[in-house]
Amino acid sequence: MLKNLLVHIPSERSIRPVVDAAISLAVSYAAHLRAISVGYETTNVALPIDAGGAAAAAVFEIERERALARANAALSVFEIEARNAGIAHDSRATASVPVDAAASVIAAARLHDLTIVLQPEPERQTFDNFMPQEILFESGGPVLFVPYVHKGPLETKRIGIAWDGSRLAARALRDAAPFLARAQAITVISINEGKAPAEASAKAVSTQLARYGATVRIQEMDADRADIQPSILSIAADDGLDLIVMGGYGHSRLQERILGGVTRDMIQTMTVPTLMSH
């Protein structure tokens, strides 16, 4: 069930793809949609050598106000579209340094059924690119990545399940249940089938998924790690998929987020909205 949705609205990037996708989901599921946007403050503010405490405080206050203004500007677009769509919604703009910003958004994500984020854009140097990854690792819930080239509402009639029999794939499969219940066609993308136990084979998964009432087909693929992500996207194009569901692999090391190779490649190059669970 999707009744409480959260969307992270970037303050330093184009927001239209994620706004359109999130609002269309809220309309489709009659869900409440909360939007959060963060204006990032910087501590690297140039100060005169002889600046006193009061002068420094004034400079940092100006920086905070500018950051908050960026967040409010992003949310103003969301507010207009949400009101036009007639959905139940609320929004919150904040200004903080990146570490505190991530902690705030992650805490909110833990209370929602699904968090919607914009795919990172490598060419842009902004913490908006890192926020989705932080949410994926720490929220404890599913994250829907919307490609930055996406246009218009989100369709989920044709869904692809990246399946390798692992715990994370199973977690993503369960998290995608609200979408699967409405799907018209489902493609089980079976990755290196020989490594999965028979009880969690692609055939067993397809039998379970058929109970949702959708047409289910299996697409088997044997591939090295480097070939998995392009193969998934190739199948997505051939089958006209609207949504890909997959586990979000990775780990933390000394507070650094290390994405698994396939997950990293998918986040960087996705052409289809992708639901990930970690």
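Q: What do the buried residues of helix 5 pack against?
A: This is a predicted model, to start with. In it, the buried residues of helix 5 pack against strand 6 (158–163), helix 6 (177–180), helix 7 (202–210), strand 9 (243–247) and strand 12 (274–277).

Q: Which residues of helix 5 are the buried ones?
A: Helix 5 covers residues 167–175, and its buried residues are L168, A169, A170, A172, L173 and D175.

Q: Zoom out for a second. How many helices and strands in the chain?
A: The chain has 9 helices and 12 strands.

Q: And how many residues, with what percentage buried?
A: There are 278 residues, and 52% of them count as buried.

Q: Of the contacts between residues at least 6 apart in sequence, what share joins residues at least 24 apart?
A: That share is 80%.

Q: Switching to rings. How many aromatic pairs are there?
A: The count is 3 aromatic pairs. One of them is Y29 with F179, an edge-to-face pair. Their centres are 5.8 Å apart, with 80 degrees between the planes.

Q: Where do Y29 and F179 sit in the chain?
A: Y29 is in helix 1 (residues 16–29) and F179 is in helix 6. They are 150 residues apart, so-called distant parts of the chain linked by the pair.

Q: Buried or exposed, those two, Y29 and F179?
A: Both Y29 and F179 are buried.

Q: What sits over the ring of Y29?
A: The charged end of R182 does, 3.9 Å from the ring centre.

Q: Back to pairs. Why is Y40 with F127 called edge-to-face?
A: The planes of the Y40 and F127 rings are at 75 degrees, and the cut-off for edge-to-face is over 60, so the pair qualifies. The ring centres are 5.5 Å apart.

Q: Where are Y40 and F127 in the chain?
A: Y40 is in strand 2 (residues 32–40). F127 is in the loop between strand 4 (114–118) and helix 4 (131–138). The two are 87 residues apart, and their pair links distant parts of the chain.

Q: Is Y40 buried or exposed?
A: Y40 is buried, at a relative accessible area of 6%. F127 is partly exposed, at 21%.

Q: Which residues form the aromatic cluster?
A: Y40, F127 and F130 form one cluster.

Q: How far apart are I36 and R92?
A: They are 56 residues apart in sequence and 5.0 Å apart in space, C-alpha to C-alpha.

Q: What about phi of A30?
A: Phi of A30 is near 50 degrees, a positive value in a residue other than glycine. Most residues other than glycine have a negative phi. A30 lies in the loop between helix 1 and strand 2, and A30 is exposed, with a relative accessible area of 59%.

Q: Now T115 in strand 4. What does T115 touch?
A: Not counting residues up to four places away, T115 touches L6, A109, I135, P142, V143 and L144. T115 is buried, at 2% relative accessible area.

Q: And where is G160?
A: G160 is in strand 6 and is buried, at 0% relative accessible area. Beyond residues up to four places away in sequence, G160 touches T187, L241, L243, I244 and V245.

Methods:
Residues numbered from 1 in each chain as written. Predicted model: local features only at pLDDT ≥ 70, side-chain atom pairs only at ≥ 80, totals over all residues. Heavy atoms only, no water. Buried < 20%, exposed > 50% of the residue type's maximum accessible area, 1.4 Å probe, protein only. Helix = DSSP H or I, 4+ residues; strand = E, 2+ residues; numbered from the N terminus. Contact = heavy atoms within 4.5 Å. Phe/Tyr/Trp six-rings, centres within 6.5 Å; stacked < 30°, edge-to-face > 60°. Lys NZ or Arg CZ within 6 Å of the ring centre and 35° of its normal.
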